[in-house]
Amino acid sequence: MSRHLDALLDDLDDLDRSGGEVTVGGVIDKVGARGHGVTLLVPGLVGVTPLGGIPGVPTIIGLVVALLSIQLLIGRSALWLPGVLSRRGVASGRVSDAVARLRKPASWIDRIFGRRLEALTGTAAERVAAALCLVFACLLPPLEVVPFAALIPFAAIALLGLALTLQDGILMLVAFAASGAALYGIWIALPWVG
């Protein structure tokens, strides 16, 4: 079985080791060739690492996810981000630290999942996933005021992106169910909504 996530983490680690800041645009350029699922997976994964706990980062990631999701919804094949977002980045070393934390789970996921019921990861599923990610992205800014609440939508975004990346229909069904649970969790986490 191919090792999708290990190769993706290698790409991210290479970006970090090239020196300087790791920018959003650099990440999209590097991993975008692996498919649209990856462009949703990477921001979700970044959000569930300690980087997602830095004030303002969830909102920036949310803007990126929203822009990418809209482009996926309209069927655009080449994804674009405005310069103000694509130039945003983190200092060298932080991405490698996040990648190191994700290595074991990624290896396990690569061994267990992938290429089942691929029909459930086609264009229609990609658009539904993009719509859900857009909803989650819009909910990220208000969730920043509740400690660790942004982990809920980030986990759902990562799971949707993972299912698309691995082309695993069973995982896509799980991701859709988890997205419903995440929306309910967000409803509870935001006291002014419920």
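Is aspartate 10 buried, partly exposed or exposed? Aspartate 10 is partly exposed, because its relative accessible area is 36%. The structure that holds this residue is a predicted model. Its mean pLDDT is 84. Of its residues, 95% reach 70 or more. The lowest mean, 78, falls in helix 2, residues 24-31. The highest, 93, belongs to helix 7, residues 123-143. Where pLDDT is low, predicted coordinates should not be read in detail.

Charged contacts come next. The model contains four salt bridges. One of them joins arginine 103 to aspartate 10, with the closest N and O atoms 2.8 Å apart. This pair links distant parts of the chain. Arginine 103 lies in helix 6, residues 94-112, and aspartate 10 in helix 1, residues 4-17. The two are 93 residues apart. Arginine 103 has a relative accessibility of 25%.

Aspartate 13 forms a salt bridge with arginine 17. Here the closest N and O atoms are 3.1 Å apart. About one helical turn separates the two residues, because they are four residues apart in helix 1. Their surroundings can be stated separately. Aspartate 13 is at 11% relative accessibility, under the 20% limit, and therefore counts as buried. Arginine 17 is at 61%, over the 50% limit, and therefore counts as exposed.

Another salt bridge brings together the side chains of aspartate 168 and arginine 116, at 2.9 Å from N to O. This pair also links distant parts of the chain, 52 residues apart. Both partners are in loops. Aspartate 168 sits between helix 8 (151-166) and helix 9 (169-189). Arginine 116 sits between helix 6 and helix 7. Aspartate 168 is buried, at 0% relative accessibility. Arginine 116 is partly exposed, with a relative accessible area of 30%. Shared partners join some of the salt bridges into one network, made up of Asp10, Asp13, Arg17 and Arg103.

Aromatic contacts were examined as well. The count is one aromatic pair. The rings of tryptophan 108 and phenylalanine 113 have their centres 5.9 Å apart. Their planes meet at 80°, so the pair is edge-to-face. The cut-off for that class is over 60 degrees. Tryptophan 108 is partly exposed, with a relative accessible area of 44%. Phenylalanine 113 has a relative accessibility of 18% and counts as buried.

Helix packing was described by axis distance and angle. Helix 7 and helix 9 pack with their axes 11 Å apart. The angle between them is about 20°. Angles under 35 degrees count as roughly parallel, and helix 7 and helix 9 are therefore roughly parallel to each other. Their crossing is left-handed.

Alanine 175 is buried, with a relative accessible area of 0%. Its C-alpha lies 8.7 Å from that of leucine 162. In sequence, alanine 175 and leucine 162 are 13 residues apart.

Notes
Residues are numbered from 1 along each chain as its sequence is written. Side-chain values use heavy atoms; hydrogens and water are left out. pLDDT is the predictor's confidence in each residue, from 0 to 100. Buried means under 20% relative accessible area, exposed over 50%, partly exposed in between (1.4 Å probe, protein chains only). Rings of Phe, Tyr and Trp (its six-membered ring) pair if their centres lie within 6.5 Å; planes under 30 degrees apart count as stacked, over 60 as edge-to-face and the rest as tilted. Axes are lines fitted to C-alpha atoms, for helices over the stretch in contact, and angles run from 0 to 180 degrees between N-to-C directions. Angles under 35 degrees count as roughly parallel, over 145 as roughly antiparallel, 65 to 115 as roughly perpendicular and the rest as oblique. A crossing is left-handed if the near helix is turned anticlockwise from the far one by less than a right angle, and right-handed if clockwise.
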